[in-house]
Amino acid sequence: MLVMIPQLVIGLIDLTAAFLFMYGLQRMSSPATAPSGILVAGVGMLAAVLASFLYAFSVSAAAEPHLFVNVGLALIALIVGGGVAWWSGKRVAMTAMPQMVALYNGMGGGAAGAIAAVELFGGKSQGVAQLGVTLLGALIGAVSLSGSLIAWAKLDGVIKNPLRVRGQQAFNALVLLATLAVGGYIGFAAESGADPLIAMPVLITLFFGLALVFGVLMTLPIGGADMPVVISIYNAFTGLAVGLGGYVLQNPAMMIAGMVVGAAGMLLTLLMAKAMNRSVTNVLFTNFGEAPKHKQGAIKGSLKPVDAGDAGIFMRYAKEVIIVPGYGLAVAQGQQKLYEFVKLLQAAGVKVKFAIHPVAGRMPGQMDVLLAEAGVPYDLIFQLEDINDEFANADVALVIGANDVVNPAARTDKSSPIFGMPILNADKAKKVYVVKRGQGKGYAGIVNALFYGDNCDMVYGDAQAVLVKMIEAVRGLGTAAAA
């Protein structure tokens with residue numbers, strides 16, 4: 001005999017899940033509480049999944065003859081998906097975290113699109129409003145899926161260069177208009193009762209196909225330097241699609257979770273755009289990875305290589321050192337050695353702080369996570385607006401694997417593609433050491449004027465290997481003193 005689950009119980013579980021989502025997100029706003037916030041939100045997701053299963057048992061067996069088959073399939077999907085996520089999450093390197101985020105974000109959009117597809121193909125949508133919401137959720141979910149997959153391919157190096165052709169903007173607009181036209185015709189045919197010119201399943205398939213193509217076309221022109229903004233945009237899209245799917249299913253937990261994720265993603269998008277001196281309109285409707293066709297202003301000075309040990313000893317006798325981590329540190333997996341070096345400096349009485357740029361790395365917050373993984377205390381980590389004024393008083397700015405986010409051309413060279421972008425004022429420190437693998441350019445494809453400054457020396461090599469030499473040099477001072 002089928003046990004009936006009261007709707008009140010399911011509603012209470014959904015409400016609890018929604019509260020846990022919001023509370024977990026609030027705790028994720030600080031690096032100190034982020035781990036527990038993720039755990040809390042995970043418990044909320046578990047409650048939402050439980051409510052989804054209980055909902056199936058709130059209907060009668062007669063109304064749902066395939067109930068146990070569907071529940072069994074859902075359990076299998078949950079076990080397989082959870083197992084793959086656990087396995088991949090444990091194996092992924094820190095440098096591959098942006099790719100994983102893009103991929104999982106795409107899966108979220110795809111799931112929301114799949115919900116809309118079930119509703120559309122099953123003809124379950126009731127009324128103009130619900131059908132319109134279903135179509136909108138399908139569009140946004142499909143765009144988020146295909147766009148996120150292209151973002152993953154760019155981050156993973158599968159697609160190495162942006163694809164730009166003449167008339168691309170106009171063609172993309174035509175594809176979007178065609179998608180909206182097909183969606184509008186589906187809504188008109190369904191609500192008017194008129195026989196569509198093409199079979200409804202074919203129209204729905206065409207609608208999804210066009211939406212997926214538009215997501216691909218929308219992302220292909222974007223340069224790699226703009227991937228943090230792209231990830232943030234598609235995160236907002238996925239949240240919105242999930243919220244719309246919750247409305248279609250009348251699922252409060254999905255609606256609330258989707259709205260929270262969508263709002264947080266859009267806020268993050270605004271912050272990312274501001275950090276790169278771009279407007280959201282520029283992000284959404286132009287090739288916002290394309291550099292302006294201007295020649296870079298002439299750079300005076302020369303590159304001055306120095307030995308890693310000498311740089312380490314110089315910092316040992318400094319009063320204040322500000323460290324600017326970048327993607328090169330993550331590639332070298334040198335965060336542990338960096339913190340070991342920092343502790344040596346602190347033991348010698350040197351004041352050490354970390355300066356984080358909002359778009360350092362390949363995704364928002366990557367540097368914060370990298371330093372937290374190494375055990376760096378949160379009170380040593382400062383964001384751009386909180387530490388920028390301190391560089392002028394610092395004895396040394398140590399830049400490790402960062403490039404465009406410390407390029408003074410953003411302040412002085414109007415011909416530069418990054419002109420106007422807020423940067424960390426590393427060039428204003430009394431002395432600057434830049435740890436770099438070679439003389440390559442940053443993601444923006446321009447030469448960094450900082451490297452040619454009179455107060456800047458270059459320490460070439462893999463970040464981890466360089467830090468090992470710095471550690472050995474500083475420890476050698478103590479050994480010599482003891483002798």
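Aspartate 457 counts as buried at 9% relative accessibility, where buried means under 20% relative accessible area, exposed over 50% and partly exposed in between (1.4 Å probe, protein chains only). This is a predicted model, in which local features need pLDDT of at least 70, side-chain atom pairs count only at pLDDT 80 or more, and totals for chains, interfaces and linings use all residues. Residues are numbered from 1 along each chain as its sequence is written, and side-chain values use heavy atoms, with hydrogens and water left out.

Let's look at the charged pairs. A salt bridge here is a side-chain nitrogen of Lys or Arg within 4 Å of a carboxyl oxygen of Asp or Glu, and the count by this rule is five. The table shows some of them, including the one made by aspartate 457.

| Salt bridge | Closest N to O |
|---|---|
| Aspartate 457 – lysine 431 | 2.6 Å |
| Lysine 337 – glutamate 340 | 3.4 Å |

Aspartate 457 pairs with lysine 431. Aspartate 457 sits in strand S6 (residues 456-460) and lysine 431 in strand S5 (residues 431-436), so their pairing ties together parts 26 residues apart in sequence. Lysine 431 is buried too, at 17% relative accessible area.

Now for the helices; these and the strands are DSSP runs numbered from the N terminus (helices H or I, at least four residues; strands E, at least two). Lysine 337 and glutamate 340 share helix H13 (residues 335-347), three residues or about one turn apart. Lysine 337 is partly exposed at 28% relative accessibility, and arginine 475 is partly exposed at 44%.
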